[in-house]
Amino acid sequence: MIQVEHLGKSFHDYQRGWVEAVRDVSFECRPGEIFGLLGPNGAGKTTTLRILSTILRPTAGRAVVAGYDVVEHPEEVRRRIGFMSAGTGIYDRMTAWELVEYFGRLYGLPKARLRERMETVFGWLKMDDFRDVLGSKMSTGMKQKVSIARTIVHDPPVLIFDEPTSGLDILVQRVVLDKILELRDLGKTIVFSTHSMSEVQRLCSRVAIIYRGALQAQGPIDELLASHGQPDVEELFFALVERADALARADSDADVDASPARAGGPTP
Amino acid sequence: MNWSNILLIFRREGMDQLRDRRTLFMVVFFPILLYPLIGAGVLQFAAAIQERPRLVVIVGAEHLPKAPPLLDAEGKGLNPDLFDSAAEAARLEVALQPDDGPWGEPARREQAVRNGDASAVLVVPADLPEQFRAKGDVAIPIHYKSVDETSQVTYLRLREALDRWKRGIVEERRKQDNLPAGYAQPIEVKALDAATAQEVGGNVWGRIFPFLLVLMSLTGAFYPAVDLCAGEKERGTMETLLISPAGRAEIVMGKFLAVLVASVTTAVLNLISMGVTGLQLAQRASGFGGADPARQAAAALAPPTLQSALWMIVLLIPLAAFFSAICLALAAMARSMKEGQYYMTPLYLICLPLIFLTMAPGIELNPFYSIVPVTGVALLLRALIVGDYATAFRYFPLVLIPTLVYAWLALRWAVEQFQDEEALFRESERFSLGSWVRSLIRDRGPRPTSTQAVLAFAVIITASWLFAQATLATGSVGGLGSVAAGQSLILLVPLGMAFLLTTDPLGTLRLRRADARYFALAAAMAVTLNPVVAELSRLVQWVFPVSGATQEVLKSLMFGDLGLLPTILVLAVLPAICEETAFRGFILTGLQSGRRTRSAIVLSALLFGFLHVFLSLFQQLFNATLLGVFLGLLAIRSRSLWPGVLFHALNNGFAVGMAAWVAWLSRIGAANLVYLDPKEGVYQKPWVAAGAVASAMLFAYLWKHDRPGPDSGET
């Protein structure tokens, strides 16, 4: 359902020149599976997921989501995914009901079907008591529920969650994670990024560890632990990070002339 | 484009704005409150002028004759018969001073008026009685201070009263001499003001309110635009919308419509509030009598007619669309509301002088002003308010169409901003000039960016302007030398920038060999386009005549007979090389990055047109832009600068060598076959038609059948 092949993205910045935020990332995610993208802040998780949601264009490689290429058919991709991240807030001056209805209509749901979906989703997320509360008056937990409702109102086959639990208290965190597990059981294809090891262990069947813009390892958690000889995800993570840092240092020592920051601009 | 998405987004954004108190205040309440406040202020101000006492000091009143009386019975005021009403007479207080006292000194009297001790001082000369008896001429000096409003008004009243008094004296003398009535006053001048009440009123509105209306529609667009773009980024809802199935163009259109409605609403509410205030003032005015200043002020504020108002709304919509799109594009760049506000200052700084023109005396709507953004609309609004419908309707399409075009271009820019990842997801980074310059050189690519292309244009314009000022200052205007120097400036900028900022300067400037057929095509195009260009420039001069003064200046710049060869080298070949390197070399190449060929050609042609506006005449805009389109396509298809240079040199060469060519044609007796007017270079119509068809076909051939293969690197 999601196929990512050799994906790359370079940005330009005055201080460092061309920076490769994502480099040669490949993975696959199938229906009924939660694929975890584990990495620290700035590792390239958000950039990768933004490319999958079509709001950024890749500078290398390709990605196919729900059967459509993200560069060639971005509208078709957006129609079939639900995307939630720290950057997708909710409107202050709209009530929960209005907001979910608005996005449902943008997804082109017919009125009767939208109404039915909304009743289902509001019931499922237990949002009925704040249907008519404005975004500005909601608690963080309420906002997060509205965001989830917005993400799934059109019943998309693919769901992308970019650190959906960051900044939440443990109660809300638990609700969010439970709901994502329920969505998996409904057969959705789910990509989930986080920097929390425990979340990965709880949710994901397969995981990729991303650091310095590149995937350091990927596979089912048990296999990864076994093949790297590490007792748990945390140890595995730090082992991979140290290895990547050592490699980068060796690289920059090897050729001092070739500035490591200048990874090469996008092909014209 | 999916219109149901656009409408959905529009409705949501509109509702969002209605729920926002700040926007609501700026868009709705501010205009409703503003005009009654202005109206009340005007009345208060007028009343204040009226309240101030006006003291008239009469020096030497003892010399006044008994009949006709200048003063009233008690000698404490002026004779009420000399005024429209007794109340008016009472407004002038009178103090009498003997002429042998200190007031006899002119210096003392002047001092009094200057210090404001008296509004006016009237001096009755000591020989008045004798002169009166001898029926001689008498001069009565009045001291006043014209820059002081009160003193000025007092002086005018006093003169009016003295005129009537003088008539009394003449009447007295006529009676004494038994002459018929009208003997001594054979001619009486009557002032007939041709202005209608609407015009008198409109004049005040006409100066102030186009200014306010335009400013209000800009303000009405700005706040919602910043809120709907920068505000959404700040609140973290922009990405939510971007990941919905709505396309970027649909999102921009939806937001644009919401901003447009806010802007038009602001402007219309201003119009209504202005009208209602005007009506009220006019009604209050009918309660006053005579030449009351408050009444005059109120009459001057009579509202525009309903017809004017309707036309104004028709006109405000495209203007509001232009502002909305520009604000949206600017706001899309801003990361936060605060940053959005920063962009407001330059926007206002550019718009204000354009609107201020309506306040300047002597600026009338003409074809040139009508196509200047904002100014055209403001001047047309003024004509409508004043009730000058003849002018207004003549220029209506000439203002409306360019404004619509500007609005469309601005909207395209806004869509481009929304498709630009850098504009949408810009993160703040610390700016340092050094590292920016270093990064420009370190990270240069094979081709320049759009921004660098526009920067090159700005540098060319600035350098050329400075150079022109310098030659003016040193008095070395004209001459082939200064033209050559000016042209080499145009060449230096793209050369320097291409070598500094790109890794492939030769490719950037298209300094490659071209296929021979492109040279043939270029020559054919130059020849077939020539009659069209000549006809177009005749049409342009007919619509936008070159003023006499400008023609004089141009004539003075004409070159003496320097021989054909040097003239052709400097006026045809050199500009061809220099301008092509700049516009089809660096600038077009830069504009091509990330843009369709079509847009790049049109944009570069427009910049080429503007260069000619800056360097010579506004009238050249049209021709230069047309040529720029042909040259742009030629450069892109041939992938070389040289066919364009040939085209450009031929085109300029025709103009330079025209006299020689016509002389030759005349010798073989063919001048009249080609030209309708050989002197002015006006072609016979069939030649123009044939040229237009042929050049269009050549253009179409290049455009359609000569697309390069995918491997050539052109997109």
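## Contact between the chains

A:Arg93 forms a salt bridge (a side-chain nitrogen of Lys or Arg within 4 Å of a carboxyl oxygen of Asp or Glu) with B:Asp227, and their closest N and O atoms are 2.5 Å apart. The model is predicted, with local features needing pLDDT of at least 70, side-chain atom pairs counting only at pLDDT 80 or more, and totals for chains, interfaces and linings using all residues. Residues are numbered from 1 along each chain as its sequence is written, chains are lettered from A in the order in which they are written, and side-chain values use heavy atoms, leaving out hydrogens and water.

Contact here means heavy atoms within 4.5 Å, and buried area is the accessible area (1.4 Å probe) that two parts lose on being put together, summed over both.

| Chain A to chain B | Value |
|---|---|
| Residues from chain A | 38 residues |
| Residues from chain B | 37 residues |
| Buried area | about 3500 Å² |
| Salt bridges | six salt bridges |

Carbon and sulfur atoms give 51% of the buried area.

## The sheet of chain B

In chain B, an open sheet of four strands (DSSP runs of E, at least two residues) has the order S2-S1-S3-S4 with mixed pairing, where pairing requires at least two DSSP bridges between two strands. Strands S2 (92-97) and S4 (142-143) of chain B each have a single partner strand, so one side of each lacks a neighbour in the sheet. Strand S1 (residues 54-59) of chain B runs parallel to S2(B), joined to it by six bridges, and B:Arg54 stands opposite B:Leu92 in S2(B).
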